[in-house]
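Trainee: Could you show me how to read a protein model that comes with DNA? I would like to go from the overall fold down to single residues.

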Amino acid sequence: MIKRIVMNPRRDATGADISIVWFRQDLRLADNPALNAASERGIVIPAFIWSPDSEGDWPPGGASKWWLHHSLEELSKRLEKLGAKLILRGGNPLDELKSLVRETGAKAVFWNRRYEPFAIEQEKDVAKYFQGAGIESESFNSHLLFEPWEIENKSGKPFRVFTPFWKTCLAAAQRIQKPVPQPAKIVSPKEWPPSLSLSDLKLSPQRDWANGFARVWEPGEAGAGKNLKRFLRDSISGYEDSRNRPDQMGTSRLSPHLHFGEISPRQIWDAARQHKSASAKKFLAEIGWREFSHHLLFHFPETPTRPLSAQFEKFAWQKNAAWLKAWRRGRTGYPIVDAGMRELWATGWMHNRVRMVAASFLVKDLLQPWQEGARWFWDTLVDADLANNTLGWQWVAGCGADAAPFFRIFNPVLQGEKFDPDADYTRSWIPEIAALPDKWIHQPWNAPKDVLSKAGVELGRNYPEPVVSHAIAREVALERYARIKDS
DNA sequence: TGAAATGTTGGGGCG
DNA sequence: ACGCCCCAACATTTC
């Protein structure tokens, strides 16, 4: 194909080609193929466009915005060290890219692909426009190990079950590309186009509720690297067991870094596969679940709001605003559930084991639609990711791909006793019952009166009575499930 | 990446 | 010594 030459009077005086790198969920310099493509070509204009109105029904929530603010700050600093600058814009992505091309005389636009339905449409529009305008545009995969259309079962359909999906991925593992190093230098234009300042994007919370976040998290590429290093050094060998322990630092805590692309799955794959243990395989399988969720969202774009299993459309939920509120606030009266919900609120994250317990409780004990839970997580998680969040909630509700059977109902008392045996986790998030002995801390309503009063616990006053009885709620849930089962 | 109900087994107390 | 019962421990089935 012959490239059309576009004369532009404002071309950079050096004559070198100018390319825009449209940063999105790839806020890193290493293993960033779009950035590398641009820097190999010549002058690079790195740009981020804040466009919450172009995110379908899923504009980033408060916690995500907090993270994004700090991640952009870090990316800016890293680019500045290379003599470059991150151009910030707000508005419709295509309009802003058009302006940037016009202002800079850029000849090419590069980006790394996303897989949410609205993001795919956005990219199609951008590619189509620039093709028509004679500007080169190219997108790359850096967000997944494989493209969703590359992995299929023998009849050419997407997998709906994780194990065969992941087996197929592992069999194709030699196709996973090695991470590419970050460009040694980035050539800058003589003059930078206008940029908003970070504070103009208004990503930081008005009220200062995110203090707890900063104590736990270090957004950005450096923080991602530290977490990976710490995990590989301290935790991967015991991961099989410790991953289920919210009272321990047993997980990688890479989820928000992965969501914002501060680290790529290829980098994680490359680093972790050196470890040959069963635990390392388990960890890589978690990267596999992330991969699976993205492939599913690509193939089934309705699933953020609609159950993959159609019969669940008829499930008789029992909407109850008070119960939903109690769950959100961490006031259900079930300590392990409340601890998780408070950890989420305070830090923007919840341990995965506790996510399963808390989610199961909302869906199966409180009979609230899983979409309500997904929406709350979306607003409060720093790692809120449409693919992962959707799969997680549909898995818990039993209505998605490779879902837990509906009748698999977590008992919050047993889960607490099993996975937070010393109750360190529960006590740290629910100080009002911290003085209860281990025997009763996961079920304070069963504690003898004198034990409660000795611990300074007055149920219904400083800690709630259970919002529902688990034993009864379980029966009700099973009965409602039976009603839709064979339809 | 469950839990509860139900079934089975085997040791020990006891007549 | 033997059979019976109880029940804990474990296994299987069911939801």
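**Reading the fold, feature by feature**

Mentor: Happy to. Of the 487 residues in chain A, 45% count as buried. Keep in mind that this is a predicted model.

Trainee: What does the radius of gyration of chain A say about a compact globule?

Mentor: The idea is to set the value against what the chain length would give. A compact globule of 487 residues would have a radius of gyration near 23 Å, and chain A has 24 Å, so the two agree. Along the principal axes, the C-alpha atoms fill a box of roughly 85 × 50 × 45 Å.

Trainee: And what builds the chain, in terms of helices and strands?

Mentor: Chain A has 21 helices and five strands. Sequence separation is worth a look too: among contacts between residues at least 6 apart in sequence, 77% join residues at least 24 apart.

Trainee: How should I read a nonpolar core?

Mentor: In soluble globular proteins, nonpolar side chains tend to be buried together. Here the largest nonpolar core holds 108 residues, and those touching the most other members are Ile20, Val21, Ile45, Ala47, Val109 and Ala358. Helix H14 (residues 352-365) gives this core its largest share, eight residues. A second, separate core has 13 residues, including Tyr239, Ile263, Ala272 and Ile287.

Trainee: Which residues is Val109 in contact with, leaving aside its neighbours within four places in sequence?

Mentor: They are Ser19, Ile20, Trp22, Leu97, Val101, Phe130, Ile135 and Ser137.

Trainee: Where do the domains of chain A lie?

Mentor: The assignment gives domain 1 (17-142), domain 2 (144-179 + 221-299) and domain 3 (310-485). The centres of domain 2 and domain 3, taken over C-alpha atoms, are 27 Å apart. Their contact takes 16 residues from domain 2 and 19 residues from domain 3.

Trainee: Which helices each supply at least two residues of the side of domain 2 that touches domain 3?

Mentor: Helix H9 (255-259) and helix H11 (278-299) do. The largest share of that side, five residues, comes from H11. By type, the side of domain 2 that touches domain 3 divides into six nonpolar, six polar and four charged residues.

Trainee: Last one: which residues are around DNA strand B?

Mentor: List the residues, then sort them by type. Around DNA strand B are Trp289, Met356, Ala404, Phe407, Arg408, Ile409, Phe410, Asn411, Leu414 and Gln415. The surface near DNA strand B divides into seven nonpolar, two polar and one charged residue.

Note on methods. Residues numbered from 1 in each chain as written. Chains lettered and ligands numbered in written order. Predicted model: local features only at pLDDT ≥ 70, side-chain atom pairs only at ≥ 80, totals over all residues. Near = placed C-beta within 6 Å. Nonpolar A, V, L, I, M, F, W, Y, C, P; charged D, E, K, R; others polar. Domains from an automatic or database assignment. Contact = placed C-beta atoms within 7 Å. Helix = DSSP H or I, 4+ residues; strand = E, 2+ residues; numbered from the N terminus. Rg over C-alpha atoms; globule rule 2.2 N^0.38 Å. Buried ≥ 20, exposed ≤ 12 C-beta atoms within 10 Å, placed from the backbone. Core = buried A, V, L, I, M, F, W, Y, C linked by C-beta atoms within 7 Å.
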